[in-house]
There are 2 protein chains.
Amino acid sequence: MDKEKEILAAALKLFVEFGFHGTPTSKIAKEAGVANGTLFHYFKTKEDLIVGLYIRIKENLNGYLLSKVDDQSTLETRMKTIYEESLQWALIHRDEFYFIQQFHFSPHLAKVSAEDIEKQTRLHVGLLGEGVKSKIFKSLPVGLIGTILGSQLYGVYQYLVSNDLSASKQKQVIDETFVLLWEMITNIKQ
Amino acid sequence: MDKEKEILAAALKLFVEFGFHGTPTSKIAKEAGVANGTLFHYFKTKEDLIVGLYIRIKENLNGYLLSKVDDQSTLETRMKTIYEESLQWALIHRDEFYFIQQFHFSPHLAKVSAEDIEKQTRLHVGLLGEGVKSKIFKSLPVGLIGTILGSQLYGVYQYLVSNDLSASKQKQVIDETFVLLWEMITNIKQ
DNA sequence: GTCTATATCTCGATAGAC
DNA sequence: GTCTATCGAGATATAGAC
């Protein structure tokens, strides 16, 4: 692993444990096994490091989801894939997932450019627009469906990590909660 | 307003805008109109101030909800009251609500005692337990219902603040999303 | 690119008069 | 309880050798 990646990995680990404030750049450099000055060679400021870490993590998540979604399948299948794989990714990358939330409730969020945000949400926005246009979804504001979906995803994640379930139990919860969600937002009646 | 309250109000405002790290105690004292040393008279450390602020805000929210819930009414009515009034409180106390989330994704969360957490969740835990016991809820883990409820509440809040709706439109969204939620977690079929 | 050494600054917290 | 003044620690960022 090159030094830049070592720095990012060390920063992630320490930020999640001690917060942005509680993590001096000197500790990050030490944990990464590089000199203090080297950190500032790769990232001009501490904030650059924080924002850069956030963008890379989101790119990883999005790339993972894109690799899992089959464009040929139905909307329901694609949405289920996004739902399921987002949770699987979050369970495997817990520090990364926590960091995303931590970052969202920090003033650093304001430093992310509009283009980066658009890139990060394109996949989800496209699917939701399709659901509304095709009348598969209930006639609710698309923004409302999006936030409900996102927040349920996060809620289920919280449940999964706070209860140490077996992999098969985890899968069962993910499947069941997707059905609940799908029944809630679509017109399909049981 | 006494000095202690001035300090807390100033701290809330600045923490929300600049984060915990970006807010020195000197700025809090200045904003509150007190001397630097006075802040440390009321709060031994900066962390004491942060945690104290969190506990007071949660007490305010809980006190508000308790004052709105009528113990004599049905479970559905009580749950709807909690849902609706939580959102109304959040909309009126936006800084406070943001601060709660910000605090939850910070290392300061670990400094809250188990007793304080129990106090803060007693009302919700009681209602959920009642719903499961009386079989009004689907046979899902109570923890799962709780996190889904909490996360949908937060999601709807996000939607309400990011779309500047009229009071009546807000009320409509709150009512509609409660129905969606209630249908999702209960056995009642349409 | 990477290191060591360090400049510069700011912050949290304290001491002590009133 | 409240203020002024300040200490000491530790932070970010830079300079310059290799």
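A residue counts as buried when its relative accessible area is under 20%, as exposed when that area is over 50%, and as partly exposed in between. Keep those cut-offs in mind as we look around this predicted model.

**Salt bridges**

Over all chains, the count comes to 16 salt bridges. Three of them are set side by side here.

| Pair | N to O distance |
|---|---|
| A:Lys119 and A:Asp116 | 3.9 Å |
| B:Lys13 and B:Glu31 | 3.0 Å |
| B:Asp175 and B:Lys171 | 3.2 Å |

Let's begin in chain B, with the salt bridge between the side chains of B:Lys13 and B:Glu31. This pair links distant parts of the chain: B:Lys13 belongs to helix H1 (residues 3–18), B:Glu31 belongs to helix H2 (residues 25–32), and the two are 18 residues apart.

Now try a pair within one helix. In chain A, the side chains of A:Lys119 and A:Asp116 meet in a salt bridge. Both residues lie in helix H7 (residues 114–133), 3 residues apart, which is about one turn of the helix. A:Lys119 is partly exposed, because its relative accessible area is 48%. A:Asp116 has a relative accessible area of 17%, so this residue is buried.

Back in chain B, where do B:Asp175 and B:Lys171 sit? They are both in helix H9 (residues 167–185) of chain B, and because they are 4 residues apart, about one helical turn separates them. B:Asp175 is partly exposed at 23% relative accessibility, and B:Lys171 is partly exposed with a relative accessible area of 32%. In chain A, salt bridges that share partners join A:Lys80, A:Glu84, A:Lys171 and A:Asp175 into one network.

**The nonpolar core**

Next, the nonpolar residues. How many residues does the largest nonpolar core have? It has 123. The residues with the most contacts inside this core are A:Ile28, A:Met79 and A:Phe99, together with B:Ile28, B:Met79 and B:Phe99. Helix H8 (residues 142–162) of chain A gives the most to the core, with 10 residues.

To see what such contacts look like, pick out B:Met79 in the structure. Leaving aside residues up to four places away in sequence, B:Met79 touches B:Leu127, B:Phe137, B:Leu149, B:Phe178, B:Trp182 and B:Ile185.

Technical notes. Residues numbered from 1 in each chain as written. Chains lettered and ligands numbered in written order. Predicted model: local features only at pLDDT ≥ 70, side-chain atom pairs only at ≥ 80, totals over all residues. Heavy atoms only, no water. Salt bridge = Lys/Arg side-chain N within 4 Å of Asp/Glu carboxyl O. Buried < 20%, exposed > 50% of the residue type's maximum accessible area, 1.4 Å probe, protein only. Core = buried A, V, L, I, M, F, W, Y, C linked by side-chain atoms within 4.5 Å. Contact = heavy atoms within 4.5 Å.
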